[in-house]
Structures are given as structure tokens and as C-alpha cells.
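Student: Please take a close look at one part of this structure, a single strand and the sheet around it. I would like one connected account.

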Amino acid sequence: MNLDAWLALLEQRHPQEIDLGLERCGRVYKRMGSPRPAKKVFTVAGTNGKGSTVAYLAAMSGALGQSYGAFTSPHIFRFNERISIMGEPVSDDCLVRAFEQVEAARDGVSLTYFEFTTLAGMLIMNQADIDCAVLEVGLGGRLDTVNLVDTDCAVITSIGLDHQEFLGPDLYSIATEKAGIMRPGVPVVCAESNPPAPILQLAADLQAPVYRRCRDFDLIQQTNPETGLLQFSLHRQSMAVSPPAMGGKHQLENLAAALAALVLLNPGCVVNADKISAAIRGCRLPGRLQKVCSSPEVLLDVGHNELAAEALAAFLEDSRRFNTTCVLAMLADKSAEAVALAFGQVAKRWLCADSKGPRGQSGERLAQRISTALPTAGVSAFGALGDALQEALSTAQANETILVFGSFSTVSAAADWLKNSLQHDGHDADRITGGGT
């Protein structure tokens, strides 16, 4: 079977898309020989910012001369994005070989799409014999397949309300699940200065040292702003680094956590600030305030919950983008009302489109939910996302910003539509599938 056939099979094989637990995947993992992805492992959990934190950590590890791999999910354009070695997505053939090995070890155990492919990712990195692996938790932490691997440094990014049907109804419950990636005596990096109580309590029980932003480490503007550099410090270790290429203050939080984890497992690496800065400048991910058009400005973002909406609204306000149209398509189980309230009056209008799949909702239903939260806002409903994008582009002013967000699949569909549209109009569309600016 080729890769597409494998993925189609895995999508329909297990009766549930999400089936948290380590018993089934753990049995297969042991039959595979419990392959450790790398000599040194970072595990990243949290509600938002995981993908960016993984990207920073992987790139900066490479800048130190280490061979590295990364595992992330979901993907935007191609499945291969989920597993990369030295910054390059692995090939179809590599994935197929790994899938065949997982299948041989499965021995009738039913695995979800995520469980099966995560085990394949661990195997690929193990066989690549790399120095460092950066693993992104898929959902929660405690019962996620990634948590089969004992981490050398646990990184916990910002935590908010999302996936409550699986992780629990409140921040306490969600934080308890995220904290499950910790191990006895292993350092824990918290991007938040005041993380939820379960994280601190479990860390104390495990005697795992906790490093909190603004308390144990920080990343701030240098005293002389003309340098354009940021000052990172963790206890007595300090270095000046370049600011991230990806926009928004939330990226400073993600980068700070990545730097703290890097320094903790690579003592003395601050002497390589120039190399680390070069890695930071070159680190871009698609769908993170990714600018794909200039006039009007079009930004793509994978944000899909209240916490992400707060970060996006702050970016728009801080950058004085007050003439903004939101093109939104998001799943029905996401809190569209909370997302709208987080934006408040920052967006002048909302163009809502259908989201597909069993968890999807119509653009009309989404528009109703946005209108309920923001009764005075200009809200319109569309079917296809392309129709909403066409309306946004055809009516936009030259100084207007069009923000497209709501999910990874929304960004993927928008990028495809925009690329085809730009090519049809004779413009350069190559940047659509590149990283954010």
C-alpha cells in the first residue's frame, strides 16, 4: 500500500477517532521493542503554542550542532509534516516502512489513527539515531500516546479551556491531564508565570524542579531597544537573542519556554547566542499569523479556542489593525461565543463558513452563535469557505486586514483556495504554503 492507502485505512479502522489511554498502544509499543525516539527527549504539552514551541526547540537544538527530530500534530498540508528529521518532513516511503513495522507488531490490537501514527513516528526517529527529539502531545498528556516515552524535560505551554469532553470541564481538570507528562526529578518548564495548581502540586510530589516564566526565567526587551534584541535569563545564565519572526506577544511566551528547556538540557549553551538567534530568525510555521497577501493583508492562523482568540485580538490591537474582517470556520464543539467575546470590537465584521465532518457546523449556525455573543457586529453566513474569502477580498479596502482562522483544516482549505486564486490572477502563490511572517 502507498501512504494515501495506509492513511485511509487508519482513518476508518478504529471505532473511535479519539480513545485516550495507554494500555492498547503501550502493548504494541512494547512489542516494537519500546523504541526511544532519541537520546534526549523534550515533551511539550499545553492548550496553545505547542507547535511553535516544538519548532523553536528543534531549530535551536540543531543550531547547537545536534541531530534532531520533531513530532507534531495535526498537519496542515501533508501528513508528512508530522514527523521531521533535521527540519525536513520524512518521505512517503519512510512512513510506509514504519507503518508496516507497527502493523507487524500490532497483532490484532485496535489502534486509533493518532496512536498508530505516533508509534510510527517514534520508530522513525529511533532508527534515525538522532541526538534530540521534540515531541508534541496530541491531546491532554497523561493518557496521550506520546506519554509512553519518558521525557528529559517537560514543557507546559499556556493552558485554557479546550477539549473539555475529553479532559474535564475546568482548568483544574485540564491542567491535571497536562501535568501527566512529568517524571520524577525531571525539570518542568511552565510558559505561564502562575500555572494551575495541579501542575505545581504534582511537580512537588514528584520532586520535579519547576521553572516558571517571570519567576525563574524570562525573555524581555533589552534596555537599549535600538539593538532590536531580547534578553533571555534563567538564573545565572543569560544571553541576547533575536526576536521571533512569527508575530504576536504569545510567540515571546512560546520562545521563552523553548529557550528555558534548551538551556536546562544544554548547560552553557548561552555562549552560542549567535547560532541560537539565527535559528530563531529562521523559525516559521504555516498558519501562525501567516501573512499570505499584502493588499489587502490576509493572515492565516490555526487558532480555534478562546485562549487563541485572546492572543489574536491582542495582536490586532497592539499592531493597530483596527480595520479587520474575520473569516471564521470552526467545529461545533468549540466555544464560538467565547471566541467572539475575546475579540470584542476589534473586528469590524465576521464572515462565517461551513466546517466539514461529523463535528462540523454550517456557516449559518456559526453566524447565529457569533451574533448572539456580539449583537451589534456585522455578521454574514456562507456555505463554502471560498465564498466567504471571495466576499472578503472583493469588498476589502486597501488598508484592511482579513484574518482567516478557526482550525487547522480552515487554514489548509483557505491556503489552497488562495493559492489557486492567486495563480489564476497571475500572482506568485509559492508563499502560501510557507511559514508565517
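**Strand β5 and its sheet**

Tutor: Strand β5 is mostly covered, with six of its seven residues buried; buried means under 20% relative accessible area and exposed over 50%, with partly exposed in between (1.4 Å probe, protein chains only). Helices (H or I, at least four residues) and strands (E, at least two) are DSSP runs, numbered from the N terminus. The model is predicted, so local features need pLDDT of at least 70 and side-chain atom pairs count only at pLDDT 80 or more, while totals for chains, interfaces and linings use all residues. Residues are numbered from 1 along each chain as its sequence is written, and side-chain values use heavy atoms, with hydrogens and water left out.

β5 belongs to an open sheet of eight strands with mixed pairing, in the order β4-β3-β2-β5-β1-β6-β7-β8. At the edges stand β4 (88-89) and β8 (210-212); each has a single partner strand, so one side of each is left without a neighbour in the sheet. Two strands pair if DSSP finds at least two bridges between them. Strands of a sheet pair through backbone hydrogen bonds, either parallel or antiparallel.

With strand β1 (residues 38-45), β5 pairs in the parallel sense over six bridges. Here Ile-130 of β5 stands opposite Ala-38. With β2, β5 also pairs in the parallel sense, over four bridges, and Cys-132 in β5 is the bridge partner of Tyr-68.

Beyond that pairing, β2 (residues 68-71) is joined to β3 (residues 83-85) by three bridges, and these two strands run antiparallel. Gly-69 has Ile-85 in β3 as its bridge partner.

A helix also lies against this part of the sheet: α5 (residues 113-128) lies across β2, β3 and β5 (130-136). α5 runs at about 180° to β2; axes are lines fitted to C-alpha atoms, for helices over the stretch in contact, and angles run from 0 to 180 degrees between N-to-C directions. Contact means heavy atoms within 4.5 Å.

Asn-254 counts as buried because its relative accessibility is 3%. Not counting residues up to four places away in sequence, Asn-254 touches Gly-49, Ser-52, Thr-53 and Tyr-56.
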